[in-house]
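Subject: Structure handover

Hello,

Here is the structure we spoke about. Please look through it first, then read the notes below.

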Amino acid sequence: MSENEPKILSFLCNWCSYGAADLAGVSRMEYPTNIRVIRIPCTGRMSPKFILAGLRRGADAVWVSG
Amino acid sequence: MNSYTDKIKEISKRLLKEDKVDMVVGYRKGSVPLMHQPYIAQNEAEVDAFVWDSSCGLNLANYITDRTERIGILATGCNSRNIAVHLVEGKIKREQLYIIGIPCKAMVDRHKLAAMADGDITSVEEDEEKGTITIKGENFSETVNKADVLQENCSLCMHRNPVIYDELAAEEVPEQSTDEIDPYARVKEIEAMDPDEKWNHFDDLLSDCIRCYACRNACPLCYCPLCFVDESNPQWVGKSMDATDVRTFHFLRAYHCAGRCTDCGACVRACPVGINVRDFTKKLEKDCLELFGWEAGLSAEQRPPLDTYSPKDPEDFIK
Amino acid sequence: MKNLMEHMGIEPERLHFSWISSAESTKFVDVATKVTEAAKSLENKEKKFAKTKPKVA
């Protein structure tokens, strides 16, 4: 992976998108490797603080998915 | 607006005498011109310190958070809306309050006047009939039209008369209408910029910030027992003057006010370096109006949009 | 949130929200790809909001 690849911080809901990501893995689908997943118990717990904290620590983009 | 002063004193004295309230929250002359201090009168003698003119810009709703006493409080349009926000959020009970409604004739902008003055302003006189303000200092004296030196939020205000009150101190004043002025002109100006221009605009805006948190302390909405800026584990925002930290603070502070801010302008007035913090909050206010048809503090019963769910909530930002 | 971020000058490509059920693995792959592409389009731009080393005068 080259230096220029963006880092995408993703907050995935345990029950929805995390499951989808798991299924995608099990089904051997291919998706970009730029995504760094944080599993959260529920997207309802998301706070603007988390997004800012991510950007502050140098994430190129943030993706929240429920 | 000095004619209000006597009426305010009269009502306050009556309330204290009849033992309807334990205290009345109002303003007294501040230690510096153009900044009247919030003042809590607990007996009739203390009421005599009360004043009312165009320098009563701080928000009194800030002083009733979590109080247990019976309180009489002066309330202009924006103050009364903040009281309504407090009621909705359970920070005070309606039975505890006796709201003295004050139809507001707008406040003057101390930063604008200070910029006009040739030195320190030592005294201020207001001529109610002519609508002029005279500022005096050691070597100068200047008279200006009050209309030219209003706080920006006051000149754009759509709710000058209090929305909830027990008694009015004067006749209601005429409201401005959106036909004459566009309250969101400045927001639209910023919206029209491209991302880099916006970024630089806010960089310039915040470059003077000294992180004194006066805007937070003046704000009636900021009543968290522990503010996010003081949290150390995890630490959301650094305590330095670093541009990123300053921006994080202002962003989160504004966001905490989403759907609650009444644009009272206390933050701008309190700011010692004259930053127009409202560039953030006004945008949120506009969004709330456009997305949810919501204006903060107009009702003491309805829950604000950000703590209710409706299937009609806009969701086009979700993929 | 997104509106204010953009108002402040964060590029819209930097923040994404989506809604994917646990059965929609194809949608997940699809959105993941789109998000990555959006982020890549900003490749040459300076990161915003990232806390770099403090500027010492």
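**The largest cavity**

In chain B, helix H10 (266-270) and helix H11 (278-292) each supply at least two residues of the lining of the largest cavity. Helices (H or I, at least four residues) and strands (E, at least two) are DSSP runs, numbered from the N terminus. This is a predicted model, in which local features need pLDDT of at least 70 and side-chain atom pairs count only at pLDDT 80 or more, while totals for chains, interfaces and linings use all residues. Residues are numbered from 1 along each chain as its sequence is written, chains are lettered from A and ligands numbered from 1 in the order in which they are written, and side-chain values use heavy atoms, with hydrogens and water left out.

The whole structure holds 5 cavities of 30 Å³ or more. A cavity is a set of points, on a 1 Å grid over the protein atoms alone, where a 1.4 Å probe fits but cannot get out; lining residues have an atom within 4 Å of a point. The largest cavity has a volume of about 110 Å³ (the space filled by probe spheres set on the points, which are joined across faces, edges and corners). Its lining has 15 residues, and the closest to its centre are B:Cys219, B:Leu221, B:Cys261, B:Cys264 and B:Cys267.

**The sheet**

Chain B also has an open sheet of 5 strands with mixed pairing, in the order E2-E1-E3-E4-E8. Two strands pair if DSSP finds at least two bridges between them. Strands E2 (37-41) and E8 (167-168) of chain B stand at the edges with a single partner strand each, so one side of each is left without a neighbour in the sheet. Strand E4 (residues 97-101) of chain B pairs with E8(B) in the parallel sense over 2 bridges.

Regards

Note on methods. On a 1 Å grid over the protein atoms alone, a cavity is a set of points where a 1.4 Å probe fits but cannot get out, and a pocket is an open set with protein on both sides within 12 Å along at least five of seven lines; lining residues have an atom within 4 Å of a point.
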